[in-house]
Amino acid sequence: MSKLEQILILDPPTDLRFKGPFTDVVTTNLRLKNPSDRRVCFKVKTTAPRRYCVRPNSGVIDAGATVTISVMLQPFDYDPNEKSKHKFMVQTIYVPSSGTDMEAMWRDVRPEDLMDSKLRCVFDMPTENDNVHEVDSAKPAPVLNSSRVDGPSGLRGSTMDDTEMRKLLEDCKRLQAEMSKLADENRLLRDDGVRMRKPMWSDNVMSNASALIGRESAVSSLPSLLVVIAAIFIGFFLGKFVL
């Protein structure tokens, strides 16, 4: 007797694709649709049970209903040179009218009543173009009325977040404080220089004044000296003629 054809419609029908990187759990979905007018019992099996987690891994699908199964691949070290040999199989049987115990149905099922479909696992690593597209998609949309700054590195018009804004404000406050401190020091140095120049200027003035007074005194005493000398000569000559 020939084997029954799978009554369920599987989506995807032949391959379960998992997209890397595989440093974290990667999940893909498998949809099972029951197009018949009878209830169908299903069970999902794999050749690598320690590498996958399947929810739900068994159950009953009503007539015309669809069930979505999540297949979760556990993290692992991906080797591109190693081909995946993992496979999944979906087994199904019609639920008998008197069937209520699923374990008993699977245990007592006849091989000719069993339907199955096999799927292979495919590991896809993202390409460089996919990485660029993902990075572009992850970029936040430009924010209107955002603060902008022209940095020394030439990054003009870059949007800053709150942390960068607070850091910039703190830098501005620190620069203002340093400028104020430098201005105070400059003012103190200027005042000290003025105070140092004042005594020197006073000493120079006093010395110049003393020299000027001495010259005036010398000039003023010169006529008196001439008169005395003239009187001596006159007396000398008068005495000579009298004698």
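The accessible surface of this chain comes to about 18600 Å², with 58% of that area belonging to carbon and sulfur atoms; accessible areas come from the Shrake-Rupley method with a 1.4 Å probe, and for residues only the protein chains shown count as cover. The model is a predicted one, in which local features need pLDDT of at least 70 and side-chain atom pairs count only at pLDDT 80 or more, while totals for chains, interfaces and linings use all residues. Residues are numbered from 1 along each chain as its sequence is written, and side-chain values use heavy atoms, with hydrogens and water left out.

**Overall layout**

The chain holds three helices and nine strands. Both kinds of element are DSSP runs numbered from the N terminus: helices are H or I with at least four residues, strands are E with at least two. Read from the N terminus, the order is β-β-β-β-β-β-β-β-α-β-α-α. Of the 243 residues, 21% are buried, where buried means under 20% relative accessible area, exposed over 50%, and partly exposed in between (1.4 Å probe, protein chains only). Among contacts with a separation of 6 or more, 67% come from residues 24 or more positions apart; a contact here means heavy atoms within 4.5 Å.

Let us take the five-stranded sheet: it is open, with the order β2-β9-β8-β4-β6 and mixed pairing. Its edge strands, β2 (15-19) and β6 (58-61), each pair on one side only. Neighbouring strands are turned by 25° against each other on average, direction ignored; the axes are lines fitted to C-alpha atoms, for helices over the stretch in contact, and angles run from 0 to 180 degrees between N-to-C directions. Two strands count as paired if DSSP finds at least two bridges between them. Five bridges join β2 to β9 (residues 115-124) in the parallel sense, with Arg17 partnered by Val122 of β9. Strands β8 and β9 run antiparallel and share six bridges, and Val90 has Ser117 in β9 as its bridge partner. Antiparallel pairing also links β4 (residues 40-46) to β6, over four bridges.

The other open sheet has four strands in the order β1-β3-β7-β5, with antiparallel pairing. Here β1 (9-11) and β5 (52-55) are the edge strands, each pairing on one side only. Three bridges join β1 to β3 (residues 26-33), and Leu10 is partnered by Leu32 in β3.

**A buried threonine**

Thr92 is found in strand β8 (residues 87-94) and is buried, with a relative accessible area of 0%. Its side chain makes a polar contact with the side chain of Gln6 (2.6 Å). Such a contact is a pair of N or O atoms within 3.5 Å; within protein, one must be able to donate a hydrogen and the other to accept it, and residues adjacent in sequence count only if both atoms are side-chain atoms. Among the residues that Thr92 touches are Val40, Phe42, Trp106 and Met115.

**Salt bridges**

A salt bridge is a side-chain nitrogen of Lys or Arg within 4 Å of a carboxyl oxygen of Asp or Glu, and the count comes to nine. Three of them are listed here:

| Pair | N to O distance |
|---|---|
| Arg17 and Asp124 | 3.0 Å |
| Asp62 and Arg39 | 3.2 Å |
| Asp184 and Arg187 | 2.6 Å |

Arg17 lies in β2 and Asp124 in β9, so this pair ties together parts that are 107 residues apart in sequence. Arg17 is partly exposed at 43% relative accessible area, and Asp124 is partly exposed at 27%. Asp184 and Arg187 both lie in helix α3 (residues 162-242), three residues apart, about one turn of the helix.

Notes
Lists of a residue's contacts leave out its neighbours within four places in sequence.
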